[in-house]
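Subject: Structure handover

Hello,

Here is the structure I promised you. Please open it next to this email and follow along.

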Amino acid sequence: MADSPHLASRTWPEVPRGLLLVPLGSTEQHGPHLPLSTDTFIAAAVADDLATRWRERGRAVIVAPPFVFGASGEHQGFAGTVSLGTAALAFALLEIGRSSSEWAERIVFVNGHGGNLEALRDAVPTLRSEGRDAAWLPCALERGADAHAGFDETSLMLHLWPAHVRLDLAEPGATAPIAELLPRLRTEGVKGVAPNGVLGDPSGASAEHGARLFAGLSDAAWRRLSTGTIADSGCLTPGPVG
């Protein structure tokens, strides 16, 4: 399987010394209609797209198995949610970076869950201070009124993984703008604000809209990876267009 970009399918002599992409997601509730792996799956899909583009440039790249547990404390109270917490996640990312840098020239974490940001901002600068070429980039949707398991995420999953979307169970949740919900989210968690786990309204979601969203996510991630500079937080910031 030396032609596959996936680390898990290769033997050790087939692993190139080049770029390692590590998809980073979560295992957390996404309403009654989306799988707990939604963030992980989106991150993995973006990482695969980045790997394809990198290889088309004739450069070595490998995609690690997704890291499926993140910092998801705000979703506790829903069955299936598994959260490491920020401190444990930061330590895990640090050890992943230290270990893989023994053979990978560069490590980039591809993050699909906003709750992981604090851990990334802790771990990646530490890796860089140790002389390792590490960075991270976001592939999560912009926060807004449709913040979690709503129209946009449901559309993305209809495009990427339609067999695992239960549209028959989709229903609106808390539909107020996220800025209005944040104070309660901080004190009550998602369950206190939206008992069904949805922040937004998935009504009208479509694979067509999801395809447009995914193209935008992937293009933005590619711009960061291919032209970006690394901020103090370890995040790749996109370079100029053109």
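Below are my notes on the sheet, the cores and the cysteines.

First, the ground rules. This is a predicted model, in which local features need pLDDT of at least 70 and side-chain atom pairs count only at pLDDT 80 or more, while totals for chains, interfaces and linings use all residues. Residues are numbered from 1 along each chain as its sequence is written, and side-chain values use heavy atoms, leaving out hydrogens and water.

**The sheet**

Start with the open sheet of four strands. Its order is S2-S1-S3-S4, with parallel pairing. Helices (H or I, at least four residues) and strands (E, at least two) are DSSP runs, numbered from the N terminus. Two strands pair if DSSP finds at least two bridges between them. S2 and S4 stand at the edges with a single partner strand each, so one side of each has no neighbour in the sheet. From one strand to the next, the twist averages 20°. (Axes are lines fitted to C-alpha atoms, for helices over the stretch in contact; angles run from 0 to 180 degrees between N-to-C directions.)

S1 and S2 are joined in the parallel sense by three bridges. Look for Leu 19, which stands opposite Val 61 in S2. Helix H2 (residues 86–100) packs on the sheet and touches S1 and S3. Its direction makes about 150° with that of S3. H6 also packs on the sheet, touching S1, S3 and S4. The direction of H6 makes about 160° with that of S4.

**The cores**

A nonpolar core is a set of buried Ala, Val, Leu, Ile, Met, Phe, Trp, Tyr and Cys residues joined through side-chain atoms within 4.5 Å. Buried means under 20% relative accessible area, exposed over 50%, partly exposed in between (1.4 Å probe, protein chains only). The largest core has 33 residues. Leu 21, Leu 50 and Val 110 are among those with the most contacts inside it. H1 gives the most to this core: eight residues. A second, separate core has 21 residues, including Phe 109 and Leu 120.

For Cys 139, the nearest cysteine sulfur is that of Cys 235, 11 Å away. That is too far for a bond. Cys 139 is buried, at 2% relative accessible area. Cys 235 is buried as well, at 9%.

Best wishes

Definitions and conventions
A disulfide is a pair of cysteine sulfur atoms within 2.5 Å. Contact means heavy atoms within 4.5 Å.
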